[in-house]
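Work through these exercises with the sequence and the model side by side. Each task is followed by its solution.

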Amino acid sequence: YLAAYITCFADDRATEAFPQNAVTTQSGSVWIDSSGHAYIDPYSDMAREYLCDIIDSCARAGFDMVILDGLAFPTSGSLSQAIYSSEDTPENRQAVIAKILSEIKATADSHSIAVSVVLDDPLSDGTVSGQYIEKLAPYCHTLFCRGSVGDMSFASISQALAQSSCLPGCISGGAFDTQEGDISFIGEYLKP
């Protein structure tokens with residue numbers, strides 16, 4: 001498979017071009033996480049439209065799959081200073097991430113390409129990131145964690161997906177490796 005690896009909401013260029021769709025601070029400036037990245041507001045209409053346009057472009061470019069990284073609310077930095085365009089609760093976060101992913105999946109299905117997501121924190125309940133495994137699984141080919149097959153994160157994903165057609169997967173900092181069984185695995189040691 002030819003897969004496109006897409007960073008979703010941590011997008012300095014999109015937030016610079018469309019600051020009205022960025023996570024902001026109380027003063028109205030663009031909010032920045034602890035790594036210095038601005039975020040598209042997941043509650044904005046632009047978040048969904050922008051990602052669906054990217055999926056459409058990936059399909060037309062010949063990709064078989066998209067791997068979405070950062071399809072989540074920010075999890076680092078001064079989180080209490082972040083202002084969103086809609087009422088921000090853990091339930092609303094989970095609902096909007098699932099809604100965006102469902103629309104991404106519909107766009108991907110119209111082009112017959114697969115959708116996968118990298119989980120920010122597979123061991124959490126999704127209250128900060130908005131990523132709730134059981135709500136994401138119906139829309140994904142694979143849910144990835146960072147680490148190795150022996151990690152608790154992978155075991156947690158595998159258990160949560162036991163009754164799902166969605167596959168568990170790993171993204172490792174090590175060299176490419178093959179796994180036994182139906183486990184998707186990506187080695188990212190060549191990543192800059």
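**Exercise 1. Contacts along the chain**

Task: Among contacts between residues at least 6 apart in sequence, find what share joins residues at least 24 apart.

Solution: The model is predicted. Take the protein chain and keep the contacts between residues at least 6 apart in sequence. Of these, 68% join residues at least 24 apart.

Now set out the elements. The chain has five helices and six strands. From the N terminus, their order is β-α-α-β-α-β-α-β-α-β-β.

**Exercise 2. Burial and surface**

Task: State what percentage of the 192 residues counts as buried, and describe the accessible surface.

Solution: Start with burial. Of the 192 residues, 44% count as buried. Next, the surface. The accessible area comes to about 9700 Å². Carbon and sulfur atoms account for 49% of that area.

**Exercise 3. An aromatic pair**

Task: Classify the ring pair Tyr 43 and Tyr 84, and say which parts of the chain the pair links.

Solution: The structure holds four aromatic pairs. In the pair of Tyr 43 and Tyr 84, the ring centres are 5.9 Å apart. Their planes stand at 80°. Planes over 60 degrees apart count as edge-to-face, so this pair is edge-to-face.

Now trace the chain. Tyr 43 sits in the loop between helix 1 (12–17) and helix 2 (45–60). Tyr 84 sits in the loop between strand 2 (65–69) and helix 3. Together with Phe 73, they form one aromatic cluster.

**Exercise 4. Confidence**

Task: Find which elements have the lowest and the highest mean pLDDT, and where pLDDT stays under 50.

Solution: Begin with the whole chain. The mean pLDDT is 89, and 90% of residues reach 70 or more. By element, helix 3 (residues 90–110) has the highest mean, 97. Strand 6 (residues 184–187) has the lowest, 52.

Over residues 175–179, pLDDT stays under 50. The model gives this stretch nine contacts beyond four places in sequence. Over residues 188–192, pLDDT is also below 50. Where pLDDT is low, predicted coordinates should not be read in detail.

Technical notes. Residues are numbered from 1 along each chain as its sequence is written. This is a predicted model: local features need pLDDT of at least 70, side-chain atom pairs count only at pLDDT 80 or more; totals for chains, interfaces and linings use all residues. Side-chain values use heavy atoms; hydrogens and water are left out. Helices (H or I, at least four residues) and strands (E, at least two) are DSSP runs, numbered from the N terminus. Buried means under 20% relative accessible area, exposed over 50%, partly exposed in between (1.4 Å probe, protein chains only). Contact means heavy atoms within 4.5 Å. Accessible areas come from the Shrake-Rupley method with a 1.4 Å probe; for residues, only the protein chains shown count as cover. pLDDT is the predictor's confidence in each residue, from 0 to 100. Rings of Phe, Tyr and Trp (its six-membered ring) pair if their centres lie within 6.5 Å; planes under 30 degrees apart count as stacked, over 60 as edge-to-face and the rest as tilted.
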